[in-house]
Amino acid sequence: MLMVHVRTPTAMELLPLLSLCLLTQSGPTFADGNEPSVLVAVQEKSDAILPCSISRKENIEKEVFDWKKDDGKEVFLYADGSYYGKGRTGQDEQFKGRVLHFEDELKNGNASIKIKNTKMADTGSYTCTFPNQQTSNIKLVVDPDPERFNLKDRRNESIRGAASEPSIIILQQTKDKALLQCLVRGASPKPKLKWQDSSGNILPAEEPQVTENDDSYNVFLQTTVSKTDTYRCVATQEEIYHETDTKTHVYINEFPTIWIIVTVLSFVGGGVITILVMKCYKKNPVEVHTGNLSPEDEQFPLDQKQTS
């Protein structure tokens, strides 16, 4: 027989739990962020793979997709089995003989291409377009030292304006859903924010809210989630190749372990405090503050100039 010894908590030990519940009531604020284009950085004379997939992940062997470079150059065109180098003409001289697609992956909706033996002139913005369906944007950087162009957390590099770690708040929560807010303050250039679930899927979000103050930006991004998961807010500044993120776990329609423990303890002692905590939890679930959130962050500075 398994025996568990439960020590009776004192009122003073349960007080911090009650305080946490009482202090987590704040009003809603606001949000921003568009999904950034994909950045690919490679060393000169190496091969570069530019990713593109149709969102439905279906067979595209009978489809049409077109790759172009920012100045309108034709990079690669595929149409129902024919493409540049096989039954089609019109490819720009810069890319002739250097661009391949992944024929075996077409059945999986993969329209990615490989540019062989990259040159500095290949640097630029590329689009992968399925007519009347979708367009993907890819930025290619070819450089002797491509590492410096990779998106990564550069807060330790003393780059002026690099976004700090985002702050996350659970603004509202019911048994079926939760409203999450991500906040970045004082960043320049203006960061782009996005929400992701634990599988890396980008979540739908509300319209971004941005304020500008002394050439820096405060950015808010809100999303509503409806399942228990770990959620991630990502802040990206492509201009300085900086990206940072914060994660938080959200319980939906579940009874968090901490409240189960409190319930067990209520049978031993501290019942009055436990009832207050449970009542507070049901009325206003605990908000999770993650990252560098100051008290002033909880009130969006609406008197400042708003930008989009």
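Visitor: In what order do the seven strands of the open sheet stand?
Guide: The order is β1-β10-β9-β3-β4-β5-β6, and the pairing in this open sheet is mixed. The edge strands are β1 (38-43) and β6 (87-88), each of which pairs on one side only. Strands here are DSSP runs of E with at least two residues, helices are runs of H or I with at least four residues, and both are numbered from the N terminus; two strands count as paired if DSSP finds at least two bridges between them.

Visitor: What kind of model is this, and how are the residues numbered?
Guide: This is a predicted model, in which local features need a pLDDT of at least 70 and side-chain atom pairs count only at pLDDT 80 or more, while totals for chains, interfaces and linings use all residues. Residues are numbered from 1 along each chain as its sequence is written, and side-chain values use heavy atoms, with hydrogens and water left out.

Visitor: What about F65, which residues does it touch?
Guide: F65 lies in strand β3 (residues 64-69), and leaving aside residues up to four places away in sequence, F65 touches I60, F76, L77, Y78, L106, A111, T129 and F130. F65 and F130 are 65 residues apart in sequence, yet their C-alpha atoms are 4.7 Å apart in space.

Visitor: Is F65 buried or exposed?
Guide: F65 has 0% relative accessibility and so counts as buried. Buried means under 20% relative accessible area, exposed means over 50%, and partly exposed lies in between, with a 1.4 Å probe and protein chains only. D66, also placed in strand β3, is buried with a relative accessible area of 15%, and the residues D66 touches include E74, T127 and C128.

Visitor: How many disulfides does the count come to?
Guide: The count comes to two disulfides, a disulfide being a pair of cysteine sulfur atoms within 2.5 Å. One of them joins C52 to C128, with 2.1 Å from S to S, and the torsion about its S-S bond is about -70°, so this disulfide is left-handed. C52 lies in the loop between β2 (48-50) and β3, whereas C128 is in strand β9 (residues 124-130), so the pair ties together parts that are 76 residues apart in sequence.

Visitor: Which residues does the disulfide with S to S 1.9 Å join?
Guide: That disulfide joins C182 to C233, and with -80° about the S-S bond the link is left-handed. The pair links distant parts of the chain, C182 in strand β12 and C233 in strand β16, which are 51 residues apart. Both C182 and C233 are buried.

Visitor: Why is β11 largely enclosed?
Guide: Six of the seven residues of strand β11 (residues 167-173) are buried, so β11 is largely enclosed by the rest of the structure. A hairpin of four residues leads from β11 to β12, and six bridges join β11 to strand β12 (residues 178-187), the two running antiparallel. I169 has Q181 in β12 as its bridge partner.

Visitor: What is the order of the open sheet of three strands?
Guide: The order is β13-β16-β17, with antiparallel pairing. At the edges stand β13 (192-196) and β17 (242-250), each with a single partner strand, so one side of each is left without a neighbour in the sheet. Strand β16 (residues 229-237) pairs with β17 over nine bridges, and A235 stands opposite T244 in β17.

Note on methods: Contact means heavy atoms within 4.5 Å.
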